[in-house]
Amino acid sequence: MSLMLSMAAFALASSISPGPVNIVALSAGAQFGLRAAMRHVSGATLGFTALLLLIGHGLNEVLGRWPWLTESIRLAGVAFLLYMAYRLARDDGRLTTNKPILRPTMRYGALMQWLNPKAWLASVAGMGLFAAAGDAPSVWRFAAIYFVICYASLACWAYAGTFVQHYLSNASRLRWFNRVMAALLAGCATYLLVP
């Protein structure tokens, strides 16, 4: 039982701590409401769990043989986060325009996890700690625990975003909020640039 508690503690510390996916969940909850934000939460959780399972079932060995691949993934993830920060910072805050609105989607949430260096680090570290031998029962047990905790953690961030939703009904406040979220994303990306 203590191994499962250790797995749960690791999953909670990794999932609830601020990061790019959490910030987008918060922003989605604030801008689109909890129901829409849960699409992002579901996609991000499924995407992370798939990544975790692949790492547990052997991708870890591939990344160990070709360290340049890990570095490429990290740099692509940082570039993606900076692009998202740029898009948020440039948003003018107008709620009724002819421009398409980027609503949260499951696909976007899953893609975000695959391009999120924090997700890769958590997957490699977690599987290294709890399923280093690669035996299937340990990999699946850790992934199941992580799935539940990741989903709940991201949902908490999305729910927290709903508390500021009524403040964002005017363009200047939404613009300010988007720029704060952009700065947080850029900060995450910058932090992840440090090897």
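Read along the sequence, the protein follows the pattern α-α-α-α-α-α-α-α. The secondary structure comes to 8 helices and 0 strands; helices (H or I, at least four residues) and strands (E, at least two) are DSSP runs, numbered from the N terminus. This is a predicted model, in which local features need pLDDT of at least 70 and side-chain atom pairs count only at pLDDT 80 or more, whereas totals for chains, interfaces and linings use all residues. Residues are numbered from 1 along each chain as its sequence is written, and side-chain values use heavy atoms, with hydrogens and water left out.

**Overall packing**

Of the 195 residues of the protein, 45% count as buried. Buried means under 20% relative accessible area, exposed means over 50%, and partly exposed lies in between (1.4 Å probe, protein chains only).

**Annotated spans**

An unreviewed UniProt entry lists "transmembrane region" for residues 6-29, 41-60, 72-89, 110-133, 139-164 and 176-194. UniProt positions are given in the numbering used here, feature names are shortened, and annotations may be inferred rather than shown by experiment. In the model, residues 6-29 are 88% helix and 0% strand, with the end C-alpha atoms 30 Å apart. Residues 139-164 are 92% helix and 0% strand, and the end C-alpha atoms of this span lie 38 Å apart.

A cavity is a set of points, on a 1 Å grid over the protein atoms alone, where a 1.4 Å probe fits but cannot get out; lining residues have an atom within 4 Å of a point. Grid points are joined across faces, edges and corners, and a volume is the space filled by probe spheres set on the points. By this rule there is 1 cavity of 30 Å³ or more. The largest cavity holds about 130 Å³ of space. Its lining consists of 13 residues, and Ser14, Ser15, Asn22, Gln113 and Lys118 lie nearest the centre. The elements that give two or more residues to this lining are helix 1 (2-16), helix 2 (20-32), helix 6 (117-130) and helix 7 (136-162).

By class, the lining of the largest cavity has 7 nonpolar, 5 polar and 1 charged residues. Here Ala, Val, Leu, Ile, Met, Phe, Trp, Tyr, Cys and Pro count as nonpolar, Asp, Glu, Lys and Arg as charged, and the others, Gly among them, as polar.

Ser15 is found in helix 1. Ser15 counts as buried because its relative accessible area is 6%. Not counting residues up to four places away in sequence, Ser15 touches Asn22, Tyr146, Ile149, Cys150 and Ser153.

**Other residues in helices and loops**

Thr49 belongs to helix 3 (residues 34-65) and is buried, at 12% relative accessibility. With residues up to four places away in sequence set aside, Thr49 touches Ala143 and Phe147. Ala36 is also placed in helix 3, and with a relative accessible area of 7% Ala36 is buried.

Tyr86, in helix 4 (residues 67-90), is partly exposed, with a relative accessible area of 47%.

The loop between helix 7 and helix 8 (171-193) contains Leu168, which counts as buried at 8% relative accessibility. Val164 has its place in the loop between helix 7 and helix 8; at 30% relative accessibility, Val164 counts as partly exposed. Leaving aside neighbours within four places in sequence, Val164 is in contact with Ala30 and Phe177.

The table gives C-alpha separations for pairs that involve these residues.

| Pair | Separation in sequence | C-alpha to C-alpha distance |
|---|---|---|
| Leu168 and Asn178 | 10 residues | 9.8 Å |
| Val164 and Gly33 | 131 residues | 9.9 Å |
| Ala36 and Ala25 | 11 residues | 9.9 Å |
| Tyr86 and Ala183 | 97 residues | 9.0 Å |

Technical notes. On a 1 Å grid over the protein atoms alone, a cavity is a set of points where a 1.4 Å probe fits but cannot get out, and a pocket is an open set with protein on both sides within 12 Å along at least five of seven lines; lining residues have an atom within 4 Å of a point. Contact means heavy atoms within 4.5 Å.
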